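Please keep the model open beside them as you read.

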Amino acid sequence: MFPINRPRRLRASVGLRRMIQETVLTPNDLIYPLFAVPGNAIAKEVKSMPGVYQLSVDKIVEEAKEVYDMGIPAIILFGIPEDKDNEATGAWHDCGIVQKATTAVKEAVPDLIVMNDTCLCEYTPHGHCGYLEVGDLVGRVLNDPTLELLKKTAVSQAKAGADIIAPSGMMDGFVKVIREALDENGFSHIPIMSYAAKYASAYYGPFRDAAESAPSYGDRRTYQMNPANSLEALKEIELDIAEGADMLMVKPALSYMDIIWRVKEATNLPVAAYNVSGEYSMVKAAALNGWINEKKVTIETLMSFKRAGADLILTYHAKDAVRWLNEVSF
């Protein structure tokens, strides 16, 4: 008889397909990003990210409780300060907005893992991730002076109760100096999730609305990676591992699944993929226009990151994904 091999036999029913499914997505794989702002009782929707809000600390706590009750194990906090300055004071001050939100969440939901984004772009008036020379209109961040600010920021976040420090500025040597600063201040137990392969991507646009962090001039191509490069990503992860990173991140995710795969093949460390704002907003916009099935596209997309090798996924879809996991079958 022809054909002898008939793979369709194992696709004949939902039950059979589930039995042999190679990749599984669970709530434990997800990390939910949240944006903290000063004030009280504030929940301001981000225009370019339907369903995503800037939240005051009290609202962050409410959201954290809901996330934990849904079985999502972790959140990552970003902050929008009341005032911005060239020293990025809001990033490292003990009364910074992320520090306040972190402490409040850990008091209310102690078992929820709270990650802190350790960067400076939200806190500087020019929107770049560190110090600039006077008169700079390009955005060539001064690397080594900026490391001093990142050290202070990481220690301040750890003091506030952060469970994981996640430096995202792509400064050379940032993992090493943060590791040393944490160890010297009694936080040797705090892991670092490095944004090890962060590309200068056009997919970040909506995030810059949410975090109010768009550069006022120039761009970030002098410190974030060229989207055309993959070997460079492997070089970056090797450096970060040598400097003490405990986990690695690839950002963005959707157009960089080959990078996720290569990073996972090159290391035994946990690998995270950041399903970034532009990826999220494209799905939302298409769904709102009735062009796609949002539930199926969301689960399929997140599943694809896992298939590519991601152990963890940072995604604005996290809550919806948990609600839809049992509704979507392949």
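1. A term to begin with: a crossing of two helices is left-handed if the near helix is turned anticlockwise from the far one by less than a right angle, and right-handed if clockwise. With that in hand, look at helix 2 and helix 4, where helix 2 passes helix 4 in a right-handed crossing. Please bear in mind throughout that this is a predicted model.

2. Two packed helices are described by the angle between their axes and the distance between the axes. For helix 2 (residues 57-69) and helix 4 (residues 97-108), the angle is about 40° and the axes are 9 Å apart. Helix 2 is therefore oblique to helix 4. On the helix 2 side, the contact is made by Val57, Ile60, Val61, Ala64 and Lys65. Helix 4 contributes Ile97, Lys100, Ala101, Ala104, Val105 and Ala108.

3. Now for the charged side chains. Side chains of opposite charge can pair when their charged atoms come close. In this model the count of salt bridges comes to 16. One of them joins glutamate 66 and arginine 323, at 3.2 Å from N to O. Because glutamate 66 lies in helix 2 and arginine 323 in helix 12 (residues 318-324), the pair ties together parts that are 257 residues apart in sequence. Glutamate 66 is partly exposed at 31% relative accessible area, and arginine 323 is partly exposed at 40%.

4. Are the two partners buried or partly exposed? Aspartate 163 counts as partly exposed, at 21% relative accessibility, while lysine 106 is buried, at 17%. The cut-off for buried is under 20%.

5. Back at helix 12, aspartate 320 forms a salt bridge with lysine 284, their closest N and O atoms being 3.5 Å apart. Lysine 284 belongs to helix 10 (residues 277-288), so the pair ties together parts that are 36 residues apart in sequence. Both lysine 284 and aspartate 320 are buried. Which residues are linked in a network of salt bridges? They are Glu63, Glu66, Lys284, Glu294, Lys319, Asp320 and Arg323.

6. Some loop residues deserve a look at their backbone. Alanine 88, in the loop between strand 4 (74-79) and helix 3 (89-92), has a phi near 50°, a positive value in a residue other than glycine. Alanine 88 is buried, with a relative accessible area of 0%. Glutamate 212, in the loop between helix 7 and helix 8, has a positive phi near 50° as well. Glutamate 212 is partly exposed, at 37% relative accessibility.

7. Glutamine 224 is found in the loop between helix 7 (205-210) and helix 8 (231-243). Glutamine 224 is buried, with a relative accessible area of 5%. Neighbours within four places in sequence aside, its contacts are Lys198, Tyr199, Ala200, Ser201, Tyr204 and Arg208.

8. Finally, please check the peptide bond joining lysine 251 and proline 252, which is cis, with omega about -5°. Proline 252 is placed in the loop between strand 8 (247-251) and helix 9 (257-266).

Notes:
Residues numbered from 1 in each chain as written. Predicted model: local features only at pLDDT ≥ 70, side-chain atom pairs only at ≥ 80, totals over all residues. Heavy atoms only, no water. Axes fitted to C-alpha atoms, helices over the stretch in contact; angles between N-to-C directions. Helix = DSSP H or I, 4+ residues; strand = E, 2+ residues; numbered from the N terminus. Parallel < 35°, antiparallel > 145°, perpendicular 65-115°, else oblique. Contact = heavy atoms within 4.5 Å. Buried < 20%, exposed > 50% of the residue type's maximum accessible area, 1.4 Å probe, protein only. Salt bridge = Lys/Arg side-chain N within 4 Å of Asp/Glu carboxyl O.
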